[in-house]
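This report describes selected features of one protein chain. The sequence and the structure are shown first, and the description follows.

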Amino acid sequence: MAYIELQCNLFPQEPTADIITAQLAEIGFESFAESDSGILAYIKEEDFDFEKVKTLDIVSSDLFEISFEYSKLEDRNWNAVWESNYDPVTIADKCYIRAPFHPERNDVDYQILIEPQMSFGTAHHETTALMIEYLLDADCSGKVVMDMGCGTGVLAVLAELKGAADIVAIDNDVWAYRNTVENVKKNSCEKIVVIHGDATNIPEKSYDIFIANINKNILLNDIADYSKVIHSGGTLFLSGFYKHDIVDIRKEADRCGFDYVEFRNKNDWVAVSFIKR
């Protein structure tokens with residue numbers, strides 16, 4: 001699967017970068033990185049529509065100077081990019097996520113081995129880090145857990161390390177699905193079932209902890225499906241959106257039977273926790 005790299009040249013860079021990142025996320029861009037002239041944004045080639053980019057609200061504003069360049073990245077380019085830029089990550093001094101070419105550590109509670117490929121979810125992104133923080137604080141012992149939009153499977157692996165009895169990991173991207181299968185094996189996990197699919201493929205179980213780190217539009221569309229399989233008192237962790245999106249997320253979650261608990265944020269990205277009524 002090929003990706004498009006969109007170079008956004010911005011002046012001034014702040015707050016332009018934050019605004020355009022939010023607007024690009026709304027039209028399907030999956031990940032972002034800083035560049036010398038602004039940001040780099042990435043989207044699957046099949047989902048790329050440059051006309052949508054050119055008609056973003058921020059582009060028509062007189063307050064900012066914005067120009068774009070884009071190019072196609074083949075699959076084989078991503079692995080080289082990942083390995084050359086991938087650093088290990090430590091979350092809350094408890095969870096260490098590393099690649100095979102990084103040293104091991106013996107001074108943390110949980111160590112996860114992730115083969116860095118093109119999948120989203122290596123804990124470098126704020127939303128994954130926030131979800132890891134939530135899981136670190138959660139009681140996973142003996143629980144049934146869903147990792148929706150699993151990316152690399154890092155959250156599913158952590159759930160098993162923390163004692164979850166039954167874990168399902170789902171992603172609609174075939175590369176993410178394959179990467180999760182690989183990482184499940186690398187971490188010697190035995191409780192994780194990996195599925196290539198979306199919310200329509202959720203196994204009919206009663207979930208204690210349901211994790212969904214995707215994006216605002218998909219979450220708003222699928223929260224009702226999540227509600228059908230989370231038992232009363234079960235926990236729902238949502239991420240993949242910005243602080244200003246919380247109002248819409250809370251409204252839909254309330255409609256679907258969830259009580260709001262709290263949110264956590266990093267660099268304007270947020271994760272929100274709910275309890276099923």
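Which residue in β14 is the bridge partner of Lys 266? The partner is Trp 269. The model discussed here is a predicted one.

## Strand β14 and its neighbours

Lys 266 and Trp 269 belong to the pairing of strand β13 (residues 258–266) with β14, an antiparallel arrangement held over 8 bridges. These two strands form a hairpin with 2 residues between them, and Asn 267 in this hairpin adopts a positive phi near 55°.

Strand β14 (residues 269–276) also pairs with strand β12 (residues 230–242); the two run antiparallel and are joined by 7 bridges. Within β14, Ile 275 is the residue that stands opposite Thr 235. Of the 8 residues of β14, 7 are buried, so the strand is largely enclosed by the rest of the structure.

Leu 6 illustrates both pairings: it stands opposite Ala 41 in β3 and opposite Tyr 70 in β4.

## The loop between β1 and α1

Two cis peptide bonds occur here. One runs from Phe 11 to Pro 12, with omega near -10°, and Pro 12 is placed in the loop between β1 and α1. The other runs from Glu 14 to Pro 15, with omega near 5°; Pro 15 likewise lies in that loop. Most peptide bonds are trans, and most residues other than glycine have a negative phi.

Glu 14 is exposed, with a relative accessible area of 53%. Together with Asp 18, Glu 34 and Asp 268, Glu 14 forms a negative surface patch. In helix α1 itself, the buried residues include Thr 16, Ala 17, Ile 20 and Leu 24. Just after α1, Gly 28 takes a positive phi of about 110°.

Ala 92 counts as partly exposed at 48% relative accessibility, whereas Asp 93 is exposed, with a relative accessible area of 67%.

## Salt bridges

The structure holds 17 salt bridges. Side chains of opposite charge can pair when their charged atoms come close. One of these bridges connects Arg 98 and Glu 104, at 3.6 Å from N to O. Arg 98 is buried, with a relative accessible area of 10%, while Glu 104 is exposed at 56%.

A salt bridge also joins Arg 255 to Glu 252, with the closest N and O atoms 2.7 Å apart. Because these residues are 3 positions apart in helix α8 (residues 246–255), about one helical turn separates them. Arg 255 is exposed, with a relative accessible area of 58%, and Glu 252 is buried at 15%. Asp 259 and Arg 277 meet in a further salt bridge, at 2.8 Å from N to O. This pair links distant parts of the chain, since Asp 259 is in strand β13 and Arg 277 in the segment after β14, 18 residues apart. Both are partly exposed: Asp 259 has 36% relative accessibility and Arg 277 has 43%. Elsewhere, salt bridges with shared partners join Glu 133, Asp 137, Glu 262, Arg 264 and Lys 266 into one network.

## Lys 216 in helix α7

Lys 216 lies in helix α7 (residues 216–229). Lys 216 is buried, with a relative accessible area of 14%. Its C-alpha atom is separated by 30 Å from that of Gly 163, a residue 53 positions away along the chain.

Conventions. Residues numbered from 1 in each chain as written. Predicted model: local features only at pLDDT ≥ 70, side-chain atom pairs only at ≥ 80, totals over all residues. Heavy atoms only, no water. Patch = residues over 30% accessible without salt bridge, like charges linked within 9 Å, V, L, I, M, F, W, Y side chains within 5 Å. Areas by Shrake-Rupley, 256 points an atom, 1.4 Å probe, with all protein chains shown as cover. Salt bridge = Lys/Arg side-chain N within 4 Å of Asp/Glu carboxyl O. Lys, Arg positive; Asp, Glu negative; His and termini not counted. Charge placed at Lys NZ, Arg CZ, Asp CG, Glu CD. Buried < 20%, exposed > 50% of the residue type's maximum accessible area, 1.4 Å probe, protein only. Helix = DSSP H or I, 4+ residues; strand = E, 2+ residues; numbered from the N terminus. Pairing = 2+ DSSP bridges.
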